[in-house]
Amino acid sequence: MGHRLFMLDVPENVPIAGVVRDLPDVRVGRLGPYFVIESDAPLSIDRRATGVRHAVWYSFVAGLDGWRIAQWDKDALRTEER
């Protein structure tokens, strides 16, 4: 898989990882203290599906490899190729 999003593996972020695991062609793994979300296609994560508060939502991305953020608002996070 090509592109990656890194997210700290803390209890607050577990619901986000759960939603992402259900997306097609996406793999969620771990690297040190991080969840690593990998996919060849851009991601689109619905905030409401995760059930997390806005404070968690706007702070969960720890890093990106190969993507940039195209949308990150109260509705969704969407990536696109850099």
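**View 1. Surroundings of His3 in the predicted model.** His3 touches Ile37, Glu38, Ser39, Asp40, Asp65, Gly66, Trp67 and Glu81, residues up to four places away in sequence being left out of the count. The structure shown is a predicted model. His3 itself is found in strand β1, which covers residues 3-8. Its relative accessible area is 15%, and because buried means under 20%, His3 is classed as buried.

**View 2. The protein chain as a whole.** The protein chain holds three helices and seven strands. Read from the N terminus, these elements follow the order β-α-β-β-β-α-α-β-β-β. Along its principal axes, the C-alpha trace spans about 30 × 25 × 20 Å. Of the contacts between residues at least 6 apart in sequence, 57% join residues at least 24 apart.

View 3. Buried residues make up 37% of the 82 residues.

View 4. Phe35 is placed in strand β3, which comprises residues 34-39. Is this residue, Phe35, buried or exposed? With a relative accessibility of 1%, Phe35 counts as buried. When neighbours within four places in sequence are set aside, Phe35 is in contact with Leu5, Phe6, Met7, Leu8, Asp9, Val14, Ala17, Arg21, Val28, Gly29 and Arg30. One of these partners is Met7; Phe35 and Met7 are 28 residues apart along the chain, while their C-alpha atoms are separated by 5.1 Å.

**View 5. The aromatic pair of Tyr58 and Trp72.** Three aromatic pairs are found in a search of the whole structure. In the pair of Tyr58 and Trp72, the ring centres are 6.3 Å apart and the planes stand at 40°, so the pair is described as tilted. The pair links distant parts of the chain, 14 residues apart: Tyr58 belongs to the loop between α3 (54-57) and β5 (63-65), and Trp72 to strand β6 (residues 67-72). Tyr58 has a relative accessible area of 39% and is partly exposed. Trp72 is likewise partly exposed, with a relative accessible area of 28%.

View 6. Phe60 and Trp72 form an edge-to-face aromatic pair, with 6.0 Å from centre to centre and 80° between the planes. Because Phe60 lies in the loop between α3 and β5 and Trp72 in strand β6, the pair ties together parts that are twelve residues apart in sequence. Phe60 has a relative accessibility of 1% and counts as buried, whereas Trp72 is partly exposed. Which residues make up the aromatic cluster? Trp57, Tyr58, Phe60 and Trp72 together form one aromatic cluster.

Methods. Residues numbered from 1 in each chain as written. Predicted model: local features only at pLDDT ≥ 70, side-chain atom pairs only at ≥ 80, totals over all residues. Heavy atoms only, no water. Helix = DSSP H or I, 4+ residues; strand = E, 2+ residues; numbered from the N terminus. Buried < 20%, exposed > 50% of the residue type's maximum accessible area, 1.4 Å probe, protein only. Contact = heavy atoms within 4.5 Å. Phe/Tyr/Trp six-rings, centres within 6.5 Å; stacked < 30°, edge-to-face > 60°.
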